[in-house]
Amino acid sequence: MNQETLLSISSNALFIAFILLLIAIVPLGLAVKSKGKMFGKLGLFLTYVAFALQLVYFVVRWVAVDHAPVSNMYEFMTFFGIMLTGSYLIIHFLYKQIVVGLFTIPVSLIILGYGSVFAKEVSPLVPSLQSHWLTIHVMTVAFSSAVLSVSFATGLIYLLRTLDITKKSISTYSLEFVLYCLIVVIGFIGASTFFSVAADDVQVRFDNAQGQQEQASYSMMPLIVNKGAVKESGEAVGFVEITNKIDAKKLNSIVWAFMVGTILYGVIRLMTRKSISALLKPWTSRVQPQLMDEISYRAVVIGFPLFALGGLLFAMIWAQIAWSRYWGWDPKEVWALITFLFYAAFLHFRLSKGWEGEKTAWLAIIGFGIIVFNQVFVNLVIAGLHSYA
């Protein structure tokens with residue numbers, strides 16, 4: 001089969017898997033509320049089938065592009081979402097907690113949806129990516145990040161179960177803000193889909209930080225542009241100009257995400273007259289908080305050493321091969337180190353200081369925030385050697 005056929009098969013497998021996971025949320029939710037096991041078995045069956053199809057996507061795309069499909073944002077975020085589904089299945093095998101899937105699978109779907117807004121086209125690898133370390137480093141980072149992300153889901157469940165949502169406190173406001181941020185990502189997916197269907201790309205040219213003329217293609221209406229940016233016709237464009245050291249196109253996408261996400265959040269609040277926390281809390285009524293705390297800790301115990309290997313050790317070996325230095329304080333490298341140090345502190349406080357329960361839950365949520373910041377904001381907005389990813 002030719003490359004086009006293989007890519008079509010892989011895309012269709014991923015799409016069907018996405019739909020199956022979306023459907024699986026219904027029986028998983030019913031399983032959480034009911035005492036019978038039928039709904040839980042159905043939800044798990046759909047999840048396993050979806051995961052198998054996700055693996056089909058990954059293997060077939062690998063064959064089509066002739067390298068591990070983790071070389072750009074679409075491929076990396078897709079693999080991240082797939083590994084999060086797989087991580088849940090591992091955790092369920094160990095702990096048999098359906099409720100973890102009810103909160104993990106939507107996060108996986110959000111990650112997959114986020115990845116889908118990026119370009120899916122196959123392009124030749126830049127020289128620094130033409131290495132077996134692409135497979136070793138990036139796949140290890142994605143898998144370890146997914147395992148660590150399970151602790152985010154169980155941390156959310158713990159807080160929803162134990163916090164009194166009716167009381168106004170820093171904890172309840174913070175929890176609502178976390179859920180608002182998830183809505184913002186959904187807003188980004190919705191805005192990207194709308195503009196890709198309803199509007200043509202806007203071509204913009206400007207002088208970059210090196211004084212060379214550069215072009216950018218905006219898929220969303222340009223609100224933020226680099227200094228001196230104009231359309232190809234010479235017409236002024238955008239509402240806010242920023243320094244050319246920052247990728248205005250990608251920052252523009254983030255601004256749109258918050259705008260649409262905030263509107264969506266407001267609509268949900270107006271229609272339900274409840275906070276997102278209050279809407280989700282009933283689904284955790286039968287949860288054992290101590291067990292969620294244990295799963296959060298175990299997920300970090302598994303994910304942390306894997307991240308240390310993939311995010312630091314393997315990354316430094318590859319950096320030496322590609323750039324002739326082990327460490328260079330590139331933004332991506334710095335945030336990988338911050339992630340490592342944070343989870344090291346997580347385990348230190350847990351084991352030495354006895355931090356459990358709510359403290360562990362908040363640390364897990366903050367850790368997920370650091371992972372997302374590293375994989376999304378640092379990749380998209382801050383210029384560095386990893387900007388191609």
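Predicted model: local features only at pLDDT ≥ 70, side-chain atom pairs only at ≥ 80, totals over all residues.
Residues are numbered from 1 along each chain as its sequence is written. Local features need pLDDT of at least 70, side-chain atom pairs count only at pLDDT 80 or more, totals for chains, interfaces and linings use all residues, and side-chain values use heavy atoms, with hydrogens and water left out.

Helix first. Helices here are DSSP runs of H or I with at least four residues, strands are E runs of at least two, and both are numbered from the N terminus. H3 covers residues 73–95, which is 23 residues. From first C-alpha to last, H3 reaches 32 Å, close to the expected 33 Å; the expected span is 1.5 Å times one less than the number of residues. Of its 23 residues, 19 are buried, so H3 is largely enclosed by the rest of the structure. Buried means under 20% relative accessible area, with a 1.4 Å probe and protein chains only.

Now its two ends. At the start, a side-chain oxygen of Asn72 comes to within 3.2 Å of the backbone nitrogen of Tyr74. Just after H3, Lys96 has a positive phi of about 55°.

Next, the sheet. Three strands form an open sheet in the order E2-E1-E4, with antiparallel pairing. E2 (213–218) and E4 (230–231) are at the edges with a single partner strand each, so one side of each has no neighbour in the sheet. Strands pair if DSSP finds at least two bridges between them. E1, residues 202–207, pairs with E2 over six bridges: Gln203 is opposite Ser217, and Phe206 is opposite Glu214. E1 pairs with E4 over two bridges, and Arg205 is opposite Val230.

Key
Buried < 20%, exposed > 50% of the residue type's maximum accessible area, 1.4 Å probe, protein only. Polar contact = N/O pair within 3.5 Å; in protein donor to acceptor, adjacent residues only side chain to side chain.
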